[in-house]
Every structure is written in structure tokens, then in C-alpha cells.
Amino acid sequence: MLMAMDTLRAMSDLNTIDLPTLFDRLVSDTMLDRLLTEALREDLGDVGDVTSRAMIDRDATARGVLVAREAGVVCGLPILARATHPLVQSVATGSTVAVEDGTLVDAGTTLLSCECTLRELLALERTLLNLVGHMSGVATMARRFVDAIDGTGAVICDTRKTTPGLRRLEKYASRAGGAHLHRLGLHDAMLIKDNHLAHLETGNLAAALDESIRRARDASSLWFVEVECDSLDQFEQVLSLDDGLVDYALLDNMSNDELREAVSLRHAKGRSIKIEASGGVTLDTVRSIAETGVDRISVGAITHSPPRLDVALDIV
């Protein structure tokens, strides 16, 4: 049981530890090398950069500067230092990071500089820009939502609506922007959704939930247990369970009036369960949702549709 508790504590720490430690926890060397190897293969194929090979001397060196072309939250710079791919390592050896991940920068800010052969720099350029631009876009979108609810007491959470193969990088970027990590996947927390409940009779919901949750808690170390509720009637059945059995109630696509009523019901029954709102949350609506008194708001847009931050590599 001690190992299970250590695992649970490590998961909970993901929302409190510093970003360098979080990167180490989330991103393995194996995952990073597999990603970079495949990304570079897309560009270089079997023969390499034919343009650079024809135009640039093998030993020609250059200094490159990664610059933010617009304001935003920087993310993805540790990739250079951590990767073991030979090309990335060669560029990283002569690189200096100018700002830390999670930093809000102005347009024109230098993010890092590097000195290496020009061929190597050009071979890595697009892969580096794609990753840093995308991760910085996620972090910037997260910061916008976090700033929008400042002072309400609620927190913004990300979701599993991520790019296949990039989830851990995108969730790291979400944290860099100030959002909280929801579960990493199906393996670390129990989230009972409408499709899990579809086969149950409404009158048996509470009993079925009680049995299933206790079974899951006995079998696994869970970060948390959450139940999605499509109606206040479902929410009241969740409230009827023993306090502490369910950590979060996910109220999906409910109106602000319904959210306020759910918060009142929780207080009236003296329950410790936390309430999470979700479903079509936008920057225009998120503050009014937070002001209903909910504890968390999950936002898929942070990872499924963030604009890429415009970053460029200048040869100087």
C-alpha cells in the first residue's frame, strides 16, 4: 500500500512542482527521442537537406537566434537540453537559453541563441520552430483562460483532447501557462462519463456508482474519482454517496443557474465534493461560469485548438 500512496502523491504533485521537475516527470528521454527522430525523418528523409548540401560548405558555422514574433507564454525550450538525438545534441551544445518556460514575453524577445554548423542549424530549424511554436501556443491559451478568471477562486484544467503522441508535452505546456493538469490518461484516475452510465437504469445510479468506485479504489491507486452529471438529478444522486467517495462532480453543459444551484445543494448537504464545469467553455463565457462558485473549469480549447505562437529562427 505504501507504493500505491507514493504513486498517488506523485500524481498530485504534478500541479505544484516546479516546471523543470514537471518536465522530467512527464517527458521521458525515450519519448522525446522517438518524437524528434520521426519529426526529423519527415524533413530529411534518407538523403538529408539537399538545398543546404548543395549551397553551404560542410564546415561553415553560424549563430542562430530564436525570437518570439508576437507576445505570448514561452514553452518547449528544455527539449534541446534533454534530447539525445545526435543532431539536436550538436545544436544544443552551443546553445544558450535566454528565458525560462512559463515566461510571458513581448514580441521581439530572444528566447535562445545557438552556435553550430549552418547545415545542422537549418536541418533542425523547422522541427524546433514547430515544437516551440505549438507548445508556446498551448501555454499562451492556458494563460488567457487563467487570467480571465483571476480572483474567482476557481482553477482552469486541461483535458484529454490532445494531439496523439504529444499529450505529455501539451499538458506540460498547459501547466506552463498556469492551468491545472487533469488526468494524464485513462490509467491514473477514474472518470465515470455519460457513456459509462448509458447502460444503467436511472434509479440504480447511486448503488452502481458506489459499487464501481469502491472496486476501482481497491484495485488501483487513483489520482481522483470523478463522476460526470448531465442533470441536477444525477448530481443529487452523487451527493447521496458517502462523503469522500467521489472527489469531483463534472457538470457537463449546464447553465450558470444550474451550476449555482449545484453549488448551493453541495453546501446545504455539507459535502466536501468539488464541482467542475465543462462543455463549450470559451474566453467570453469562462468568467461568468467561475463566478457561479464552481471549483474547477475544464477547457478543451487549451490543447485542441490553440493558435501557434509565432516564433522564428534568425541567422545573425
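Visitor: What is the relative accessible area of Arg-69?

Guide: The relative accessible area of Arg-69 is 40%, so this residue is partly exposed; that term lies between buried (under 20% relative accessible area) and exposed (over 50%), with a 1.4 Å probe and protein chains only. The model is predicted, so local features need pLDDT of at least 70 and side-chain atom pairs count only at pLDDT 80 or more, while totals for chains, interfaces and linings use all residues. Residues are numbered from 1 along each chain as its sequence is written, and side-chain values use heavy atoms, with hydrogens and water left out.

Arg-69 forms a salt bridge with Asp-314, at 2.8 Å from N to O; the term means a side-chain nitrogen of Lys or Arg within 4 Å of a carboxyl oxygen of Asp or Glu. Because Arg-69 lies in the loop between strand 1 (61-68) and strand 2 (72-73) and Asp-314 in strand 12 (residues 311-315), the pair ties together parts 245 residues apart in sequence. Strands (E, at least two residues) and helices (H or I, at least four) are DSSP runs, numbered from the N terminus. Asp-314 is also partly exposed, at 26% relative accessibility.

A contrasting pair is Arg-296 and Glu-276, whose closest N and O atoms are 2.7 Å apart in a salt bridge. Arg-296 belongs to strand 11 (residues 296-298) and Glu-276 to strand 10 (residues 274-278), 20 residues apart. Both of these residues, Arg-296 and Glu-276, are buried. The structure holds 14 salt bridges.
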